[in-house]
Amino acid sequence: MIEGYIRTLIDIYQYVIIAYVLLSWLPSARDSFIGEILGKLCEPYLGVFRRFIPPIAGMIDISPIVALIALRFVGEGIIAIISFLIP
C-alpha cells in the first residue's frame, strides 16, 4: 500500500522533470506561469546534478537523465526497505 503511493509520487515527479526539460526546447516557455512552477519544483533537485555533471560540448545537458535514473534507483531502494520492515 505505502509502496504504491511512493511509486506514484516518483512517477509524478519524473513526469514533472520531463515536462520541465521539454520546456527548455521552446523559446521563453520557462518564463511562463507553468514554467516557473515547474522550475521551483525541479531546479533544487536538478541543481545537485548540474554541479557535478558539466554540459557536453557546452550545450547538451545530460544531468536530467542522470537525475531521473537516480530518482528511480533511490525510490526503488526506499520501497525495498519499507517492504522489508513492514511485511
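How many aromatic pairs does the count come to? I kept that question in mind while I went through the model, and here are my entries.

**Entry 1: ground rules**

I noted that this is a predicted model, where local features need pLDDT of at least 70, side-chain atom pairs count only at pLDDT 80 or more, and totals for chains, interfaces and linings use all residues. Residues are numbered from 1 along each chain as its sequence is written, and side-chain values use heavy atoms, with hydrogens and water left out.

**Entry 2: the overall layout**

I looked up the secondary structure and found three helices and zero strands, in the order α-α-α along the sequence. Helices (H or I, at least four residues) and strands (E, at least two) are DSSP runs, numbered from the N terminus.

Next I checked the overall dimensions. The C-alpha atoms fill a box of roughly 50 × 30 × 15 Å along the principal axes. The radius of gyration is 15 Å, while a compact globule of 87 residues would have one near 12 Å. That radius is taken over C-alpha atoms, and the globule rule is 2.2 Å times the number of residues to the power 0.38.

Of the 87 residues, 28% are buried. Buried means under 20% relative accessible area, exposed over 50%, and partly exposed in between (1.4 Å probe, protein chains only).

**Entry 3: helix α2**

I then followed α2, residues 33–52. Its 20 residues should span 28 Å at 1.5 Å a residue, and the end C-alpha atoms are 29 Å apart, which agrees. The expected span is 1.5 Å times one less than the number of residues.

Where does α2 bend? The bend is at Glu-43, by about 45°, and a proline, Pro-44, follows within four residues. I read the bend as the angle between axes fitted to the seven residues ending there and the seven starting there.

The buried residues of α2 are Gly-35, Leu-38, Gly-39, Cys-42, Leu-46 and Phe-49. They pack against α1 (2–23) and α3 (63–85).

**Entry 4: the rings**

Back to my opening question: the count comes to two aromatic pairs. The ring centres of Tyr-13 and Tyr-45 are 5.8 Å apart with planes at 70°, so this pair is edge-to-face. Tyr-13 is in helix α1 and Tyr-45 in helix α2, 32 residues apart, so the pair links distant parts of the chain. Tyr-45 and Phe-49 are edge-to-face as well, with 5.2 Å from centre to centre and 70° between the planes. Rings of Phe, Tyr and Trp (its six-membered ring) pair if their centres lie within 6.5 Å; planes under 30 degrees apart count as stacked, over 60 as edge-to-face and the rest as tilted.

Tyr-45 and Phe-49 lie four residues apart in α2, about one turn of the helix. An α-helix has 3.6 residues a turn, so residues three or four places apart point the same way. Ring pairs join Tyr-13, Tyr-45 and Phe-49 into a cluster.

Is Ser-63 buried or exposed? Ser-63, in helix α3, counts as buried because its relative accessibility is 0%. Leaving aside neighbours within four places in sequence, Ser-63 is in contact (heavy atoms within 4.5 Å) with Phe-49, Arg-50 and Ile-53.

Ser-28 sits in the loop between α1 and α2, and counts as exposed because its relative accessibility is 56%. I found its phi near 60°, a positive value in a residue other than glycine.
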